[in-house]
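Hi,

Here is the structure I promised to pass along. Have a look at it first, and then read on for what turned up.

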Amino acid sequence: MGMSLSGYRKWEQGVRRVSGPAETLLQVIQKEPEAVRRALLAS
């Protein structure tokens with residue numbers, strides 16, 4: 001998603017908030033994980 005490793009760590013620890021396209025992608029993954037899996041397997 002274009003973040004550095006330290007950015008991921010900060011996000012996991014609640015220090016940093018994900019925004020923009022990354023936030024949208026995470027919402028889609030959370031709400032429709034099977035649709036994401038199908039889309040990834042199709043490519």
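Helices here are DSSP runs of at least four residues and strands are runs of at least two, numbered from the N terminus. On that basis the protein chain holds three helices and zero strands, in the order α-α-α along the sequence.

Please keep in mind that this is a predicted model. The mean pLDDT of the protein chain is 89, and 98% of the residues reach at least 70. Helix α3 (residues 33-42) has the highest confidence, with a mean of 94, while helix α1 (residues 5-12) has the lowest, at 89.

As for overall dimensions, the C-alpha trace spans about 35 × 20 × 15 Å along its principal axes. Of the 43 residues, 12% are buried. The accessible surface is about 3800 Å², and carbon and sulfur atoms account for 55% of that.

Now to the charges. The protein chain carries 7 positive and 4 negative side chains, with the centres of the two sets 7 Å apart. Side chains of opposite charge can pair when their charged atoms come close. How many salt bridges does a search of the whole structure find? There are two.

One joins arginine 17 to glutamate 23, at 3.0 Å from N to O. Arginine 17 is exposed, at 64% relative accessibility, whereas glutamate 23 is partly exposed, at 23%.

The other links arginine 37 with glutamate 34, whose closest N and O atoms are 2.4 Å apart. These two residues sit three apart in helix α3, so about one helical turn separates them. Arginine 37 is partly exposed at 45% relative accessibility, and glutamate 34 is partly exposed at 44%.

Best wishes

Notes: Residues are numbered from 1 along each chain as its sequence is written. This is a predicted model: local features need pLDDT of at least 70, side-chain atom pairs count only at pLDDT 80 or more; totals for chains, interfaces and linings use all residues. Side-chain values use heavy atoms; hydrogens and water are left out. pLDDT is the predictor's confidence in each residue, from 0 to 100. Buried means under 20% relative accessible area, exposed over 50%, partly exposed in between (1.4 Å probe, protein chains only). Accessible areas come from the Shrake-Rupley method with a 1.4 Å probe; for residues, only the protein chains shown count as cover. Lys and Arg count as positive and Asp and Glu as negative; His and the chain ends are not counted. The place of a charge is taken as NZ of Lys, CZ of Arg, CG of Asp or CD of Glu. A salt bridge is a side-chain nitrogen of Lys or Arg within 4 Å of a carboxyl oxygen of Asp or Glu.
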